[in-house]
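Please keep the sequence and the structure in view while reading.

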Amino acid sequence: MAKTSKRLDGRIALITGASRGIGAAVARRYAAEGAHVIATARTQAGLEELDDAIKSETGANATLLPMDMSDFDNIDKMGAAIYERFGRLDIVVGNAGTLGDLTPIHQLDPKVWDQVMAINLTANWRLLRAVDPLIRASDAGRAIFLSSGITKGPRAYWSAYAISKTALEYMVRMYQAENEKTHIRANLIDPGATRTTMRATAYPGEDPMTLKTPDDITETFVELAEPSCALMGEVIRLG
């Protein structure tokens, strides 16, 4: 019997913030679609649970890279390590993020501002910078980043989170504009109301069982990761 081809067969995919929530769901889905997953997160235990899940579901192993995305030098080292082992990267998913404090902008602690900007914006710029040679080495490099509905317009009290996500959106779309004539496709996904820890922190009174799960939204991540994807610089809002 001929082997059934999967949608991401042979692709190499790096996913940040992969130990739980949307990142973990995307990692499992990519592995199920035939990709080799490189998973990063701060927690070794969470990454090991992900690896166990991928092995149980697909028989394959993930490459685990425990790291804090605010350690910018390690992002550069990660890029070099991926090059040495794989020589390229087909897909990067910038999922890692932090909420910070929801508070009037003039009352925000400067340390919280710095942390949110470091994780949500600067780390993703450093990630793009580190993986750019790797996705250029792919025959169809795909960059996918997590946006938010908060970027659609100013909303009181969303503070550094809203500002960082708006800047991230602009940065990714700028990167695509700079690569319009290449094989690179860079896009963003606004997952909308999804059952995650961050959502529960932002909306503590909300019933999480009324929300879609991270597994429910992985199809869009697959579509944007496929070599056939033609979208460029789009923000896909899942509602």
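Is Glu226 buried or exposed? The model is a predicted one, and in it Glu226 has a relative accessible area of 16%. Because a residue counts as buried under 20% relative accessible area, Glu226 is buried.

Glu226 is placed in the loop that runs between α7 (218-225) and β7 (235-237). When residues up to four places away in sequence are not counted, Glu226 touches Arg7, Leu8 and Arg142.

## Overall architecture

The chain contains seven helices and seven strands. Read from the N terminus, their order is β-α-β-α-β-α-β-α-β-α-β-α-α-β.

The chain has 239 residues and a radius of gyration of 17 Å, which agrees with the value near 18 Å that a compact globule would have. Along the principal axes, its C-alpha atoms fill a box of roughly 60 × 40 × 30 Å. Of the contacts between residues at least 6 apart in sequence, 72% join residues at least 24 apart.

## Surface and charge

Of the 239 residues in the chain, 49% are buried. The accessible surface of the chain is about 11,400 Å², and carbon and sulfur atoms account for 52% of this surface.

The chain carries 27 positive and 30 negative charges.

Strand β1 (residues 12-15) and strand β2 run parallel and are joined by four bridges. Within this pairing, Ile15 stands opposite Ala39 in β2. Strand β2 (residues 36-41) is mostly covered, as five of its six residues are buried.

Arg11 belongs to the segment before β1. What is the relative accessibility of Arg11, and how does this residue count? The value is 8%, so Arg11 counts as buried. Leaving aside residues up to four places away in sequence, Arg11 touches Gly34, Ala35, His36, Arg88, Asp90, Ile91, Ser138, Asp139, Ala140 and Pro227.

Most residues other than glycine have a negative phi. Tyr157, which is not a glycine, has a positive phi near 80°. Ser159 is likewise not a glycine, and its phi is positive at about 50°.

Where do these two residues lie, and how are they covered? Tyr157 is in the loop between β5 (142-146) and α5, and with a relative accessibility of 53% it counts as exposed. Ser159 is in helix α5, where its relative accessibility of 8% makes it count as buried.

Thr182 is located in the loop between α5 (159-178) and β6 (185-190). Its relative accessibility is 27%, so Thr182 counts as partly exposed.

How far apart are the C-alpha atoms of Thr182 and Thr122? The two residues are 60 residues apart along the chain, and their C-alpha atoms are separated by 24 Å.

Key
Residues numbered from 1 in each chain as written. Predicted model: local features only at pLDDT ≥ 70, side-chain atom pairs only at ≥ 80, totals over all residues. Heavy atoms only, no water. Rg over C-alpha atoms; globule rule 2.2 N^0.38 Å. Buried < 20%, exposed > 50% of the residue type's maximum accessible area, 1.4 Å probe, protein only. Contact = heavy atoms within 4.5 Å. Areas by Shrake-Rupley, 256 points an atom, 1.4 Å probe, with all protein chains shown as cover. Lys, Arg positive; Asp, Glu negative; His and termini not counted. Charge placed at Lys NZ, Arg CZ, Asp CG, Glu CD. Pairing = 2+ DSSP bridges.
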